[in-house]
Amino acid sequence: MFDVILKSFDLIAHDYHIEKFGEGLINRTWKITGFKNDNEFILQQINKNVFKTPEHIAQNTNKIDNYLSKRYPDYLFVASLPTVTGDYMVKYTDNEYYRLFPFIKNSITLNTVQTRDEAFEAARQFAKFTNLLAGFNVSNLQYTLSGFHDLSGRFETFKRVVKNAGAERLTEARDTIDQAFGHRDIADVHQSIMHDQLIPLRVVHHDTKISNILFDTDHKGLCVIDLDTVMPGYYISDVGDMMRTYLSPANEEEQDFSLIEVREDFFAAIVEGYLSEMNSNLTEGERELFVYSGKFMIYMQAIRFLTDYLNNDIYYGSSYPGHNLVRARNQFTLLEKYIASEDKFMQMVSATQSQPK
Ligand code: GN1
Ligand code: MG
């Protein structure tokens, strides 16, 4: 397989060392390193069960690349490389699509957020990306995944799945299902954001975990990567996913929930990093939702894992019995801890000054 795919990019597979790379749940990724030269690439297989129209990903990134390279030639945007026939992905079978990226020399990725500075740097990069694209017409972008961060829609799906789930998993998950219904007000707020158009649609990354930032070796942020889910959305998706994944030293896979913590100073770092680029651009309505964004993303991930558990793990897969139920409970633990700090977070955000444009 690798020989055919790499040939499309005019590379000879046996000249390269190929190793699995990264920890994503959805797409598969490899690092490709030259034996005879110092060429390095990242190869990514797009999961066609999830991304039904992979071409939309390439169309979006090409449009954004054109926009940014004209206006901000110094901005590092990691676009995928063209094939010998000028395409931006290789269709290997009906279900397998591949893209090749240059590997940025001397860049590193992090899998956990260990310092406030790392949180600040990442938040600054995600904000910079959205900010540079503030003048880009967001309706020119395709939705690469429909209903991806539509919490209201996800809540409806969850309710439907609860009605149809098997008795055994329903019994096992009863407490967690009750917890999900107990926090339904979080989904109601999202419903009113959409219905009353409280905040603008922007170009949003939608997957702001720390491994989607390239850092230099001094841990200064270089740029955002993994642009499959870049599409129109609300900024609360990006800020919220940073809260979800940077605040706790233990991540969504942790089974010992006593290790889940909310580091309030890391919250401050996300606020500072994000506002360092986006402050003058955020509307009042958006600022008011800053703290809500964490609840929005943590709750959505909790019900996504719980829905998948009740659906027999068809989306995320599972490496031990009850894996997705444990992930859901982990996220509900994080949610409760986040809510316990909510008042302090509100004060931290109010203490920052909005800047007139
Ligand atoms: C998936 O595969 P990965 O790690 O990039 C998921 C995200 C979830 C995340 C949870 C397309 O992302 O929305 O937050 O798992 N991406 C998709 O780990 O569903
Ligand atoms: Mg991703």
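1. Threonine 33 stands opposite glutamate 40 in β3. The model is a predicted one, in which local features need pLDDT of at least 70, side-chain atom pairs count only at pLDDT 80 or more, and totals for chains, interfaces and linings use all residues. Residues are numbered from 1 along each chain as its sequence is written, while chains are lettered from A and ligands numbered from 1 in the order in which they are written.

2. Strands β2 (residues 28-34) and β3 (residues 40-47) run antiparallel and are joined by 6 bridges. Strands here are DSSP runs (E, at least two residues), as helices are (H or I, at least four), numbered from the N terminus; two strands pair if DSSP finds at least two bridges between them.

3. An open sheet of 5 strands has the order β1-β2-β3-β5-β4, with antiparallel pairing. Its edge strands, β1 (16-20) and β4 (90-93), each pair on one side only.

4. The domain assignment gives domain 1 (2-105) and domain 2 (116-353), with bounds from an automatic or database assignment. Their centres, taken over C-alpha atoms, are 26 Å apart. In contact (C-beta atoms, placed from the backbone, within 7 Å) are 22 residues of domain 1 and 18 residues of domain 2. Helix α2 (residues 54-71) supplies 9 residues, the largest share of the side of domain 1 that touches domain 2.

5. Ligand 1 lies between the two domains, because both domain 1 and domain 2 give residues to its shell. Surrounding ligand 1 (C-beta atom, placed from the backbone, within 6 Å of it) are Gly24, Leu25, Ile26, Val50, Asp207, Thr229, Glu252 and Gln301.

Terms used: Two residues are in contact if their C-beta atoms, placed from the backbone, lie within 7 Å.
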